[in-house]
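Trainee: Could you take me through one part of this model slowly, starting with the pocket and what lines it?

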Amino acid sequence: MTIDSAPIPVTLRWAVRLLWAEAVVVGLIAVWLIWADLTATTTDLLSAVLVTVFAVGAAVVLWALGRALLRRRAGARAPAIVLQLMLLPIGWFMIQGGLGWLGVPLMALGLGVAWLLVSPPTTRALGFE
């Protein structure tokens, strides 16, 4: 896809902002995991490193998808939507575990960003119409 000279629609700008906000939050969690890995008295080293690497990777991927969408790369939309839909089962299990105060907003965030990514202005800006 070529970059259009038309202004970026509000829906796409908000989707990118929210993806970047998610990247920052996951990045902060990754920093906390690194600190926890380094200060733990006993740990399963392989599991600790894998969870930490996963968190770092998720933050990088969310940031990169936001950047690609800002540059109107149509191929970034589907992976971004998949990551947002993954928040639904995570939120559901949080609700089941008694963390409804966190699970409900997480599910709403996932649905909201997914909606922003499939909204008509975003679809047009990414060249799908």
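Mentor: By class, the lining of the largest pocket has 20 nonpolar residues, 1 polar and 1 charged, where Ala, Val, Leu, Ile, Met, Phe, Trp, Tyr, Cys and Pro count as nonpolar, Asp, Glu, Lys and Arg as charged, and the others, Gly among them, as polar. This is a predicted model, in which local features need pLDDT of at least 70 and side-chain atom pairs count only at pLDDT 80 or more, while totals for chains, interfaces and linings use all residues. Residues are numbered from 1 along each chain as its sequence is written, and side-chain values use heavy atoms, with hydrogens and water left out.

A pocket here is an open set of points on a 1 Å grid over the protein atoms alone, where a 1.4 Å probe fits, with protein on both sides within 12 Å along at least five of seven lines, and its lining residues have an atom within 4 Å of a point. The largest pocket holds about 620 Å³ of space, a volume being the space filled by probe spheres set on the points, which are joined across faces, edges and corners. Of the 22 residues that line the largest pocket, V26, A58, L62, L87 and I90 lie nearest its centre. Helices α1, α2, α3, α4 and α5 each supply at least two residues of that lining, and the largest share, 7 residues, comes from α1; helices are DSSP runs (H or I, at least four residues), numbered from the N terminus.

Helix α5 covers residues 100-118, and its 19 residues should span 27 Å at 1.5 Å a residue, which agrees with the 27 Å between its end C-alpha atoms; the expected span is 1.5 Å times one less than the number of residues. Within α5, the residues G103, L106, M107, G110, V113, A114, L116 and L117 are buried, meaning under 20% relative accessible area with a 1.4 Å probe and protein chains only, as against over 50% for exposed and in between for partly exposed. An α-helix has 3.6 residues a turn, so residues three or four places apart point the same way. What covers the buried residues of α5 includes α1 (10-39), α2 (45-70), α3 (77-85), α4 (87-96) and α6 (120-125).

In helix α6 sits A125, which counts as buried because its relative accessibility is 13%. Leaving aside residues up to four places away in sequence, A125 touches P9, L12 and R72, a contact being heavy atoms within 4.5 Å.
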